[in-house]
Amino acid sequence: GVEIAARLLDRALAEPPGEGDRAQVLIDLAEAEARAGSPAAAEHLATALALIDDPRQRTRASISLARAHHHAGEFGRAAEVAAKARAALSAEDPRALELEAIWISSAMLDPVLREEVAARVEPLVATAMAGEPIGSATLSALLAAQLATQNAPAPLVERLALEAFAADPAVDDNPQGTALGFAAYALLTIDAFDALRDVLVGAVAATGERGAVIARSVALNNQAMRAVETGELEEAVRTAEASIEIYRFGWTSSPWGTSSLILAHVFRGDLEAAREALALAETAGTARPEHVLLLESRATLRLAEGNAEAALADAREAMRIATEVFKVRAARIYQGARIATEAAAAAGRFEEARELAAEALALATAADTPRALGNAHLAAGLIDDGEESLAHLEAAVAALADSPARYPRARALFELGAARARRGDVADAEDPLREALELADGFGAEPLVAAVRRELASIGRRPRRAARSGVDALTRSERRVADLAGRGLSTPQIAHRLVITRKTVESHLGQAYRKLGIGGRAELGPILRDLEPKDQGASP
């Protein structure tokens with residue numbers, strides 16, 4: 001694979017090669033390193049550039065170097081390398097378009113260059129709105145992301161993103177997966193969850209076949225983000241854990257999968273596992289867009305812990321970075337205003353909550369997606385028990401009625417039912433509560449399930465039993481972990497075997513003990529002994 005190729009090229013460089021061949025070996029080595037995820041790629045490319053006279057070689061090395069700087073979060077340096085290389089080419093050179101795409105992808109994330117980006121993409125926007133092809137899958141991906149931040153019509157964003165994936169399951173040959181990430185995230189922002197699921201299956205397979213570990217991690221992270229929203233919490237944990245592996249092995253400076261992992265664990269009710277995921281992420285740098293998502297997920301965790309003041313501080317800091325650093329105020333991209341509304345209400349800061357709710361609703365209205373609107377109305381509905389709050393909760397349920405965003409829909413149904421119950425409207429409270437229970441129980445959102453059951457009991461209704469119990473209630477991941485624990489493997493051994501964290505192992509075991517009605521590992525063997533064990537080779 002590419003790791004073997006990198007080692008062989010590294011050995012060839014050490015021999016050393018002739019002076020005329022050294023630059024070529026350096027470029028080949030750096031590109032193999034980039035595909036395998038090695039941070040040494042940028043240094044080798046910079047050395048090669050200093051040795052190269054041939055224009056074609058210089059362009060190739062510049063493209064790879066710009067991509068390496070982008071992956072490292074050095075967006076200004078990446079844009080500078082791309083601009084310099086593009087200036088050396090004629091407008092007709094096909095590589096000029098590739099370098100333009102690299103410049104745009106980095107400049108979009110650099111606050112100094114964002115205004116220039118808007119001017120540069122204006123002709124491309126006109127082309128796209130006229131229904132004409134962009135001419136580059138990479139540019140289509142970048143344009144989809146740029147338009148998503150500007151609340152462009154969802155069908156236009158979706159068309160551009162799918163055009164990008166149509167050319168190549170991984171969008172392009174960039175081993176860092178930059179365009180892949182932009183195109184996938186554009187689909188996520190407009191709630192195109194079904195289309196996103198389909199393209200990501202191909203992206204994960206293609207990047208895996210090519211040995212592009214970073215691009216594969218990007219695809220897995222987008223799978224995790226989608227799964228959190230659709231309530232596929234087990235899938236979210238699995239894919240987020242797999243995405244984070246490249247960070248644990250030192251192949252990237254950003255554990256981008258941690259935000260989804262934190263949220264999935266919070267929604268599953270395992271706050272300790274969420275804290276472990278957070279601790280991993282807090283060692284990373286902060287000068288990247290995903291740091292905003294991390295702050296938002298940390299705020300959600302703080303709310304679940306009952307620390308509303310800390311949650312409010314995190315949400316407000318997320319809002320500040322999004323607007324001041326990345327110049328983005330879009331509910332499609334970030335949810336800081338919505339989370340801050342919930343946190344302010346939970347902290348008893350009702351006037352502040354109302355101001356934040358107004359901002360969140362304005363942003364959600366501009367975004368014009370069911371998830372953004374539903375979440376904003378949900379947050380506004382949590383401020384008090386007045387008529388206006390009830391109307392917001394009804395609007396949240398209506399906005400999410402046909403949405404595949406099942407977790408927000410379940411929450412909205414619960415809050416509406418609970419609000420009606422507090423007003424004494426028992427008959428009108430029961431239906432949304434039962435629908436919320438069916439949804440939440442179906443995807444393992446244990447805290448929400450427990451809250452709905454308590455609410456149904458409070459109005460004199462008997463909550464139905466879970467659809468499954470005992471061994472049949474275990475998820476695939478819980479069953480794999482339970483099988484290994486029942487065979488005597490320790491928590492570290494299971495974590496190593498399944499390539500997951502110890503806290504995730506403990507989380508799955510805790511859920512298994514609860515569902516099986518047992519107190520610990522010693523009781524697992526007798527229960528699982530006579531059952532056919534699942535395949536132990538795949539990670540949960």
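In which helix is the place of Arg-95? Arg-95 is placed in helix H6, which spans residues 94-107.

The legends below describe a predicted model, in which local features need pLDDT of at least 70 and side-chain atom pairs count only at pLDDT 80 or more, whereas totals for chains, interfaces and linings use all residues. Residues are numbered from 1 along each chain as its sequence is written, and side-chain values use heavy atoms, with hydrogens and water left out.

**Figure 1. Overview of the protein chain.** The protein chain has 28 helices and zero strands; both are DSSP runs numbered from the N terminus (helices: H or I, at least four residues; strands: E, at least two). Of its 540 residues, 57% count as buried. Buried means under 20% relative accessible area, exposed means over 50%, and partly exposed lies in between (1.4 Å probe, protein chains only). Among the contacts with a separation of 6 or more, 64% join residues 24 or more positions apart, a contact being heavy atoms within 4.5 Å.

Figure 2. Arg-95 counts as buried, at 16% relative accessibility. Its side chain makes a polar contact with the side chain of Asp-93 at 2.8 Å. A polar contact is a pair of N or O atoms within 3.5 Å; within protein, one must be able to donate a hydrogen and the other to accept it, and residues adjacent in sequence count only if both atoms are side-chain atoms. Leaving out residues up to four places away in sequence, Arg-95 touches Pro-55, Arg-56, Thr-59 and Leu-89. The C-alpha atoms of Arg-95 and Arg-60 are separated by 9.0 Å, although these residues are 35 apart along the chain.

Figure 3. A search of the whole structure finds four cavities of 30 Å³ or more. On a 1 Å grid over the protein atoms alone, a cavity is a set of points where a 1.4 Å probe fits but cannot get out, and a pocket is an open set with protein on both sides within 12 Å along at least five of seven lines; lining residues have an atom within 4 Å of a point. Grid points are joined across faces, edges and corners, and a volume is the space filled by probe spheres set on the points. The largest cavity holds about 700 Å³ of space. Of its 29 lining residues, Leu-109, Gly-181, Phe-182, Pro-289 and Glu-290 lie nearest its centre. Helix H10 supplies the largest share of this lining, five residues. The lining comprises 16 nonpolar, ten polar and three charged residues, where Ala, Val, Leu, Ile, Met, Phe, Trp, Tyr, Cys and Pro count as nonpolar, Asp, Glu, Lys and Arg as charged, and the others, Gly among them, as polar.

**Figure 4. The largest pocket.** About 1000 Å³ of space lies in the largest pocket. It is lined by 44 residues, and those nearest its centre are Phe-267, Thr-300, Arg-338, Tyr-407 and Arg-411. Helix H16 gives the most to this lining, with six residues. The lining divides into 26 nonpolar, nine polar and nine charged residues.

Figure 5. In H15 (residues 271-281), Leu-271, Ala-273, Ala-274, Ala-277, Leu-278 and Ala-281 are buried. They lie on the same side of H15, because they cover an arc of only 155 degrees around the axis; the arc is that of the directions from the helix axis to the C-beta atoms. These buried residues pack against H14 (258-268), H16 and H27 (502-516). In H20, ten of the eleven residues are buried, so this helix is largely enclosed by the rest of the structure. The buried residues of H20 include Arg-371, Asn-375 and His-377.

**Figure 6. Ser-260 in helix H14.** Ser-260 lies in H14 and is buried, with a relative accessible area of 4%. Apart from neighbours within four places in sequence, Ser-260 is in contact with Asn-221, Ala-224, Met-225, Val-228 and Ala-240.

Figure 7. Most residues other than glycine have a negative phi. Phi of Asp-191 is near 65 degrees, and phi of Asp-368 is near 55 degrees. Asp-191 is found in the loop between H10 and H11 (193-210) and is buried, with a relative accessible area of 10%. Asp-368 is placed in the loop between H19 (350-367) and H20 (370-380) and is exposed, with a relative accessible area of 56%.
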